[in-house]
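Reader: Got a model open and want to talk it through. Can you take my questions one by one?

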Amino acid sequence: MPKAITVSSIKQLVKDGEKFTMLTAYDATFAAMFSSLGIETILVGDSLGMVVQGQSSTLPVTVEQMVYHTQAVSRGNQGSLLVADMPFNSYGSVDQALANAGLLMQAGAHMVKLEGGAWLCDTVTALSRAGIPSCLHLGLTPQSVNKFGGYKVQGREEGAAQVMINDALALAEAGADFILLECVPSDLAKALTETVPVPVIGIGAGAATDGQVLVCYDMLGLTQHRLPKFVKNYMAEANTWENAVTSFKDDVKSGRFPNADHAFE
């Protein structure tokens with residue numbers, strides 16, 4: 001089994017100027033597949049609500065379901081850093097967040113991911129004190145789809161962009177270990193990545209972020225719906241899943257993915 005990847009080793013990798021990869025996984029088989037090929041981080045995403053359960057959004061996913069899938073992924077994982085989503089309505093208070101994050105860590109997660117800005121600073125600090133690393137998800141946060149009025153690019157206005165940068169800085173100061181940016185303009189993602197002192201992961205955020213994540217069903221061409229602009233179907237040019245995953249990893253490391261076709265202005 002390869003040496004386990006940790007939060008510290010990802011931070012060192014980024015410090016050394018290397019980009020890192022993340023794919024979602026929801027079961028032991030996919031976790032074993034991706035970790036065996038050196039994908040540094042695996043996300044047990046609440047996106048399972050849509051791609052596994054057939055829901056129209058991530059909102060119906062429960063803590064119990066996230067625990068179940070985290071346990072399954074943990075059993076198959078071969079050394080990747082395992083990040084688990086905190087589902088909708090599971091971290092409204094500090095105490096609630098600590099209790100539910102604890103369940104995910106006991107299920108095998110190495111880090112939890114929460115959607116939200118500076119209002120989560122107290123929660124992030126409490127998690128850090130409890131020994132629970134956190135990744136904070138900014139930009140298009142799918143759990144807020146009803147507030148946003150749909151899945152829309154965030155941060156295009158100058159004021160909104162500055163708020164996002166300020167939120168990221170505040171969260172890092174509070175103890176956040178990673179920041180994830182979804183569907184934000186490339187220039188904003190670049191500025192934020194250069195400003196914030198923790199690794200930044202992008203999805204639909206251009207090539208300047210420290211890492212890239214995709215939903216595994218999307219990048220393996222298994223999704224039935226129309227793919228978002230930021231997705232590349234790696235199976236379209238590969239004859240095996242191994243080649244598809246390796247191409248994704250190589251493209252992220254080299255900066256070939258994402259290109260302008262997969263980014264927002």
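Reader: Is V7 buried or exposed?

Author: Keep in mind that this is a predicted model. The relative accessible area of V7 is 14%. Buried means under 20%, so with its 14% V7 counts as buried.

Reader: Which residues is V7 in contact with, leaving aside its neighbours within four places in sequence?

Author: V7 sits in helix α1, which runs over residues 7–15. Contact here means heavy atoms within 4.5 Å. Leaving aside neighbours within four places in sequence, the partners of V7 are L81, M111, P133, D177 and F178.

Reader: And how far is V7 from T58, C-alpha to C-alpha?

Author: Along the chain, V7 and T58 are 51 residues apart.

Reader: Zooming out, what radius of gyration does the protein chain have, and what would a compact globule have?

Author: The C-alpha trace spans about 45 × 40 × 40 Å along its principal axes. For 265 residues, a compact globule would come out near 18 Å, and the protein chain agrees with that, its radius of gyration being 17 Å.

Reader: How far apart are the mean positions of the positive and negative charges?

Author: The protein chain carries 17 positive and 26 negative charges.

Technical notes
Residues are numbered from 1 along each chain as its sequence is written. This is a predicted model: local features need pLDDT of at least 70, side-chain atom pairs count only at pLDDT 80 or more; totals for chains, interfaces and linings use all residues. Side-chain values use heavy atoms; hydrogens and water are left out. The radius of gyration is taken over C-alpha atoms; the globule rule is 2.2 Å times the number of residues to the power 0.38. Lys and Arg count as positive and Asp and Glu as negative; His and the chain ends are not counted. The place of a charge is taken as NZ of Lys, CZ of Arg, CG of Asp or CD of Glu. Helices (H or I, at least four residues) and strands (E, at least two) are DSSP runs, numbered from the N terminus. Buried means under 20% relative accessible area, exposed over 50%, partly exposed in between (1.4 Å probe, protein chains only).
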